[in-house]
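Me: I would like to work through this fold with you, one question at a time, with the cut-offs stated wherever a term needs them.

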Amino acid sequence: MKFPEKDYCLLKSEGVPEYTMGVTNSGGGNQTQLGVCFYRKKIIKMNKHLILHRDKYPNAYLSTFLHEIAHAQMPRENHNWRWKMAFNKLKMKYGLDENKVKAENKLFNEEVLKELRKKYAKQIWKCPMSDKLIYYKKIKKYPVHRYRCKTCKSVMEEVWRVEK
Ligand SMILES: [Zn+2]
Ligand SMILES: [Zn+2]
């Protein structure tokens, strides 16, 4: 997977020219890593699915990329105020519109990540109150009553699982 030249230019102009770009394959599970920064190895990895759809969600892509660049600029600071200041500075500089980022992240989740979760699901649960479906990449171990809806805390019902 290739990154556009402008991504590398951005790394250079933001003072982390020694960094390279890589790809993370996260997707299909309930937690999807959109980007990650390894400051010892000096590599920023972007999510494969976000790269593939970057033209459709340019603000979501840029926001994730800048988030990781801020980590590269502020190694070992996690998400503390120093990191936050660096991130905010980048957001201002590149004119990121928070509302667009939020809307695109939401769409990316609905249109891309949710489809991946459906595709890779090995087990499907349902909240009995809202009929909301939850897709799991791995089959949950029993006892069942441990799994509760995150929204209403009802005990989830299993509706489907892959045949062994
Ligand atoms: Zn982070
Ligand atoms: Zn519920």
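Me: What share of the contacts in the protein with a separation of 6 or more comes from residues 24 or more positions apart?
Reply: The model is predicted, so local features need pLDDT of at least 70 and side-chain atom pairs count only at pLDDT 80 or more, while totals for chains, interfaces and linings use all residues. Residues are numbered from 1 along each chain as its sequence is written, and chains are lettered from A and ligands numbered from 1 in the order in which they are written. Two residues are in contact if their C-beta atoms, placed from the backbone, lie within 7 Å. Among contacts with a separation of 6 or more, the share from residues 24 or more positions apart is 50%.

Me: In what order do the three strands of the open sheet lie?
Reply: Two strands pair if DSSP finds at least two bridges between them. β1 and β3 (residues 43–47) pair in the parallel sense over five bridges, whereas β2 and β3 pair in the antiparallel sense over four bridges. The edge strands, each pairing on one side only, are β1 (20–24) and β2 (35–38). The pairing is mixed, and the order is β1-β3-β2.

Me: Which residue in β3 is the bridge partner of G35?
Reply: β2 and β3 form a hairpin with four residues between them, and K42 in the turn has a positive phi of about 55°. The bridge partner of G35 in β3 is M46.

Me: Are α3 and α5 roughly parallel or roughly perpendicular to each other?
Reply: Two packed helices are described by the angle between their axes and the distance between the axes. For α3 (residues 58–73) and α5 (residues 98–120) the angle is about 105° and the axes are 8 Å apart, where axes are lines fitted to C-alpha atoms, for helices over the stretch in contact, and angles run from 0 to 180 degrees between N-to-C directions. Angles under 35 degrees count as roughly parallel, over 145 as roughly antiparallel, 65 to 115 as roughly perpendicular and the rest as oblique. The two helices α3 and α5 are therefore roughly perpendicular.

Me: Which residues of α5 does α3 meet?
Reply: From α3, the contact is made by N59, A60 and S63. In α5, their counterparts are K100, V101, E104, N105 and F108.

Me: How many of the 16 residues of α3 are buried?
Reply: α3 also packs on the sheet, touching β2 and β3, and its direction makes about 15° with that of β2. The helix is largely enclosed by the rest of the structure, because the number of buried residues is 14 of the 16.

Technical notes. Buried ≥ 20, exposed ≤ 12 C-beta atoms within 10 Å, placed from the backbone.
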